[in-house]
Amino acid sequence: GHLCMATDANSFVIKEWKKYLDGCPVYDNLDFAQFSLMNIPLKNNSVPAYSSNIGLSSTRAGEEGKERALSEIYRTLIKDGFFYTIENEWDNVDRILKVFHAMNWEPWTEFTYPQRTWHDRFVEHNFEIVSEESMGYYQLNSDDNELGEAAEKLGIDIGVKTTAFILRKR
């Protein structure tokens with residue numbers, strides 16, 4: 001059997017991983033699967049550990065998608081199983097909304113909801129936070145997207161802070 005599974009909702013990512021790892025014997029016990037964190041096709045209490053790099057932050061279904069993904073991860077983890085994750089969160093939504101207002105743009109949907117930290121979400125989903133460590137701050141700029149370009153033009157610092165978590169299912 002396979003000891004580790006690499007997954008992504010995007011089939012292109014899976015294809016690129018396979019191409020990159022092709023012929024590397026150290027990855028012989030690695031299996032690949034395409035599915036969404038919002039609908040994990042694994043049994044309850046069957047996974048000893050997950051790792052994720054910006055997986056929850058990248059969920060495309062807004063707050064509901066993030067909540068569903070957290071519920072699915074919790075459901076499939078074994079008791080005392082671990083979730084190792086690095087996630088982004090917007091640093092200062094008030095400054096971001098100031099950019100949207102100054103540009104006469106409608107705010108992105110995610111900025112119309114009350115902001116919640118990943119820490120609070122994890123606690124609400126009954127995870128024990130074993131470790132939480134800041135990984136830094138990234139300031140958006142004109143090379144990122146139109147929001148970064150507008151913020152740079154206006155001289156407003158907006159960005160994301162990145163945090164690494166080790167979580168345990170209680």
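Author: Helices (H or I, at least four residues) and strands (E, at least two) are DSSP runs, numbered from the N terminus. Just after α1, Gly23 has a positive phi of about 85°. The model is a predicted one, in which local features need pLDDT of at least 70 and side-chain atom pairs count only at pLDDT 80 or more, while totals for chains, interfaces and linings use all residues. Residues are numbered from 1 along each chain as its sequence is written, and side-chain values use heavy atoms, with hydrogens and water left out.

Reader: What makes Asn10 a cap of helix α1?

Author: A side-chain oxygen of Asn10 lies 2.7 Å from the backbone nitrogen of Phe12, at the N-terminal end of α1 (residues 11–21). A polar contact is a pair of N or O atoms within 3.5 Å; within protein, one must be able to donate a hydrogen and the other to accept it, and residues adjacent in sequence count only if both atoms are side-chain atoms. The 2.7 Å is within the 3.5 Å limit.

Reader: How many aromatic pairs are there?

Author: The structure has 15. One of them joins Phe82 and Tyr84, with 5.7 Å centre to centre and 20° between the planes.

Reader: Why is the pair of Phe82 and Tyr84 called stacked?

Author: Rings of Phe, Tyr and Trp (its six-membered ring) pair if their centres lie within 6.5 Å; planes under 30 degrees apart count as stacked, over 60 as edge-to-face and the rest as tilted. The centres at 5.7 Å are within 6.5 Å and the 20° is under 30, so the pair is stacked.

Reader: Why is the pair of Phe100 and Trp105 called edge-to-face?

Author: The planes of Phe100 and Trp105 are 70° apart, which is over 60, and the centres lie 6.1 Å apart, within 6.5 Å, so the pair is edge-to-face.

Reader: Is Phe100 buried or exposed?

Author: Buried means under 20% relative accessible area, exposed over 50%, partly exposed in between (1.4 Å probe, protein chains only). Phe100 has 1%, so Phe100 is buried. Trp105, at 31%, is partly exposed.

Reader: How do you know that the charged end of Arg121 sits over the ring of Trp118?

Author: A charge sits over a ring if NZ of Lys or CZ of Arg is within 6 Å of the ring centre and within 35 degrees of the ring normal. Arg121 is 4.4 Å from the centre of the Trp118 ring, which is within 6 Å. Lys169 likewise lies over the face of Tyr74, at 4.9 Å from the ring centre.
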